[in-house]
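Please look over the sequence and the model before reading on.

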Amino acid sequence: MSVAVLDQRLQLIDRASSGDGDSFATLIEPLLDPAFRLAAVMLADREAAEDAVQEASIKAWRKLKQLRGDVGSLRAWFLSIVANECRMTRRTRWWSVVRMPEIPGRERAATGSMSSDMHSALLRLNPSERLPLVLFFYLDLPVDEVARTLGVSVTAAKSRIYRAAKRLRADITLEEVF
């Protein structure tokens with residue numbers, strides 16, 4: 001990233017920390033799509049994903065001063081807030097009690113280019129296994145950002161990605177691929 005872009009982001013962070021909503025919107029706008037994709041895969045529900053990203057955005061606005069001007073970690077910082085919000089959503093009691101029936105054809109529309117077999121195999125993983133795969137393969141984050149998002153070392157992030165991919169590979173049979 002060039003020095004001019006970093007300086008501009010630092011200024012935006014400073015202004016947003018001072019209460020400028022437009023500066024915060026400029027910072028967070030490019031992160032909303034990856035945040036929604038992450039939440040959609042973690043929660044497997046479009047409405048819940050939208051709510052999680054909205055709640056995470058509010059929390060990020062309130063906690064922007066915790067970023068401390070570290071512009072390079074803005075994406076990882078925000079995605080970790082989204083991931084934590086998704087975890088909290090899945091932990092709440094209503095998630096397991098009140099579950100709306102899936103509308104036929106809706107799953108394919110929500111997953112886009114991902115095949116339904118791959119999507120269902122990914123959903124069979126538990127959320128802690130699914131998260132590193134989504135961050136690395138689906139959101140195409142570098143391993144160091146995956147590590148920052150998960151709050152672990154780079155080596156631990158690589159290990160989690162490898163183990164989850166190995167488990168996913170074991171869940172998909174050759175017939176499901178073709």
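Which residues of helix 3 are buried? They are Ala48, Ala49, Ala52, Val53, Ala56, Ser57 and Ala60, where buried means under 20% relative accessible area, exposed over 50% and partly exposed in between (1.4 Å probe, protein chains only). This is a predicted model, in which local features need pLDDT of at least 70, side-chain atom pairs count only at pLDDT 80 or more, and totals for chains, interfaces and linings use all residues. Residues are numbered from 1 along each chain as its sequence is written, and side-chain values use heavy atoms, with hydrogens and water left out.

**Confidence**

- The protein chain has a mean pLDDT of 77, with 75% of its residues at 70 or more; pLDDT is the predictor's confidence in each residue, from 0 to 100.
- Among the elements of the chain, helix 3 has the highest mean pLDDT (91), and helix 6 (residues 106-111) the lowest (45).
- Residues 93-101 have pLDDT below 50, and this stretch has nine contacts in the model beyond near neighbours in sequence; a contact means heavy atoms within 4.5 Å.
- For residues 106-114, pLDDT stays under 50, and the model has 10 contacts beyond four places in sequence.

**Helix 3**

- Helices (H or I, at least four residues) and strands (E, at least two) are DSSP runs, numbered from the N terminus.
- The 17 residues of helix 3 should span 24 Å at 1.5 Å a residue, which agrees with the 25 Å between its end C-alpha atoms; the expected span is 1.5 Å times one less than the number of residues.
- Asp45 caps the N-terminal end of helix 3, with a side-chain oxygen 3.1 Å from the backbone nitrogen of Glu47.

**Aromatic rings**

- Two aromatic pairs are found in a search of the whole structure; rings of Phe, Tyr and Trp (its six-membered ring) pair if their centres lie within 6.5 Å, and planes under 30 degrees apart count as stacked, over 60 as edge-to-face and the rest as tilted.
- Phe24 and Trp61 form an edge-to-face pair, 5.0 Å centre to centre with 65 degrees between the planes.
- This pair links distant parts of the chain, 37 residues apart: Phe24 lies in helix 2 (residues 21-43) and Trp61 in helix 3 (residues 46-62).
- Phe24 counts as buried at 10% relative accessibility, whereas Trp61 is partly exposed at 32%.
- Phe136 and Phe137 also form an edge-to-face pair, 4.8 Å centre to centre with 85 degrees between the planes.
- Phe136 is partly exposed, with a relative accessible area of 25%, and Phe137 is exposed, at 53%.

Conventions
Polar contact = N/O pair within 3.5 Å; in protein donor to acceptor, adjacent residues only side chain to side chain.
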